[in-house]
Amino acid sequence: MEQHSEVVFSLTAEETKQLKDGVNLVNRSEKERLIIFKDPTAENTEEEPATAHMYKACLNRCKHQGGTFIKDIEDGDNCVLRCTKHGWKLDAKTMRYVNPPDSFSQEQLVPELNDDGSLSIVELKPPQPWETDKRPPAPLRVGEVQITYFTHACIEMKLGGVTMFTDPWLTGPAFARGWWLMHEPPSDWLDRLSKADLIYISHLHSDHLNYPTLELLSERNPDIPIYVGDTSMPVFVRLKQSGVKLNNINIQKFGRWIEINKDTRFMILMDGVHPDMDTCLLVDYKGHLILNTVDCTNPNGGRLPTGVDLMLSDFAGGASGFPMTFSGGKYTEEWKAQFVKRERRKLLYYKMQLVRDVSPVIYCPFAGYFVEAHPSDHYIKSTNIKNDPDTLNRLIKKYSPHIKTWSPSPGAVLDLQKAIQGDSDYIQDPPAGTKKYKDSWNFEKYINEINRNIEEEIFAYPEWIEFYYRWTGFKNYNLVIRMIERGEDFQPIPGSYDFMVDFVGEEPAFPTERPTRDHSYIEMENRICVHRETVKKGLFWDNLYIGFCNRISREPDTFHYLFWNHMQIHLPKTEPDWDGFLKDMKTKGAPRKDIWKPSLESTSTNHHIQGNGITGNGTHLSSNGLGNHASTWDLPPAPNGNGMVKHWLGPLMIGVAALGVGVALWKTKAD
């Protein structure tokens, strides 16, 4: 299909004449809401008159979650608009978002001034790829198409003789140790997954690309075909590093049918907000469409097929550390609670409207069934309230009673033909007595593996800080961060690092104090185990931020899109060369500090530091472990995984006294 243009809005000559300089909000109906910016500074050029580039236009719909823009009363230039949903701000003169800063552009319409003085607003329509070789729905038999819910975003689709799985997170944690499965998957999940014909993985977040699950799969069937979208950051960018052997990864272009057999095909679509990472899925079986938008904020830029047979999407919210992990300023417990309540409600209505726009035969909310199960994250669990799928489904039924809804339980099966023909028993529930919710997670196995990173040799050399942050490649941004390593409950611990990084120049700098110039500042306290795993393996910072493993304060209270987008998506595709780093340190005879080794469970370990921080320019702030002192450490839980064992290393009085000495020395140095 070729791109074509379509007039979506018109102003008469008199209406065009009445447009004032700056922002104009034009509302004719619920669906006809436009932003038109008239630039009074437009001038004639050699190529065209001023009137040819005097106007800019776009739909009055926020790129984030479809909110409506209003004028920002703080803007004196009549250029900036504020979204009523989340406070995103759009500069209508440039059609770029200014909050979050340095982030997105708004998709523009094309204003065309006609000879009679009227103004036509034209949209350049890209291809609707599902219209290519469109097939009318063929009759189905009962039982021919069945969808089984497993956990979170994982479903099994039986499409005639083809079995397809999506996003298999079926064991272990996601985001290091922050997310754990809410639902108990069917007991035969590994056997069924390994015998599937193909798997689709939407994106690289570990609740979708889950290496503990894939490791078990690879032992059974390393050659199973796995399909992913051609995102700029490859989904399997860390496959080699993971050690998991998967031999049949298929990277697909967006919006093209992938033929499995004469009846079955699918295409992968991109997200309008995060095209470099997120994708969604459209399956066509004999002309019957299944749309799975997964985590996409603006799936396929808001252009979706309508009247599909089944639609699945996320619904829950709470998939980041904001605002629970933030402190200072407005971030009181009362403010956080009100924010969470308000944002969850907005998300419900956004999802409701999206479902109504698509108008499927049946809708299923999924991809939100995770829990902050580890006891050390009790605060997060108690404050990070998530949407209830039944509440969303009731909302959909209220406004669109013709849409059937399904709140899935693990092992439940949907029969598509029964749903289409209106049978009441289109959902087959799992057998009575089937376990629905998990009550143990084998914390010890996974957290011990993360904790091993604490003792990596690279952390004996404070120079790792410069080496790592230069490897990240982030630069030329007026931001200073302070990174502080903490323990399980964010308490001070021995042998930890506390340092600053300044990104203002071509190379990061490492000051001991905040610069005197105006600058943005973020202070992060990070669980030492996850922080060091992130550094050692060159992982994205999602494990720290989305996994609730840091606590953040910032001045001013601004989301730095360029910084977080880089650290969460655009880090180098190859991990840091730590072998080369160690070789260089040893060749130079660089001073080293003894690495704290909690695994030794010593009653009194000396953490003597040779030298004072990073050598060379002397830019290491401190290391929180000066002098001789013991430590406390939250060890993993008892084997049943249902509780943490607070294990004091050595006699309590000796440990407390020694810790006091260490903290006093550190404060003396810091002052």
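User: Is N543 buried or exposed?

Analyst: This is a predicted model. N543 sits in helix α12, residues 542–545. Its relative accessibility is 12%. The cut-off for buried is under 20%, so N543 counts as buried.

User: Which residue's backbone nitrogen lies 3.5 Å from a polar atom of the N543 side chain?

Analyst: Leaving out residues up to four places away in sequence, N543 touches F175, A176, V530, E533, T534, F548 and C549. One of these contacts involves a backbone nitrogen 3.5 Å from a polar atom of the N543 side chain. That nitrogen belongs to A176.

User: Which strands are the edges of the open sheet of 4 strands?

Analyst: The order is β5-β6-β7-β8, with antiparallel pairing. An edge strand pairs on one side only. The edges are β5 (69–71) and β8 (96–99).

User: Which residue in β8 stands opposite L90?

Analyst: Strand β7 covers residues 89–91. It pairs with β8 in the antiparallel sense over 3 bridges. Opposite L90 stands Y97.

User: What is the orientation of α5 and α7 to each other, roughly parallel or oblique?

Analyst: Helix α5 spans residues 333–358 and helix α7 residues 389–399. In α5, residues including L348, M352 and V355 meet a set in α7 that includes L392, L395 and Y399. The axes are 10 Å apart, and the packing angle is about 50 degrees. Roughly parallel requires an angle under 35 degrees, so α5 and α7 are oblique.

User: What is the handedness of the crossing of α5 and α7?

Analyst: The two helices pack at about 50 degrees. The crossing of α5 and α7 is right-handed.

Note on methods: Residues numbered from 1 in each chain as written. Predicted model: local features only at pLDDT ≥ 70, side-chain atom pairs only at ≥ 80, totals over all residues. Heavy atoms only, no water. Buried < 20%, exposed > 50% of the residue type's maximum accessible area, 1.4 Å probe, protein only. Polar contact = N/O pair within 3.5 Å; in protein donor to acceptor, adjacent residues only side chain to side chain. Contact = heavy atoms within 4.5 Å. Pairing = 2+ DSSP bridges. Axes fitted to C-alpha atoms, helices over the stretch in contact; angles between N-to-C directions. Parallel < 35°, antiparallel > 145°, perpendicular 65-115°, else oblique. Left-handed = near helix turned anticlockwise from the far one by under 90°.
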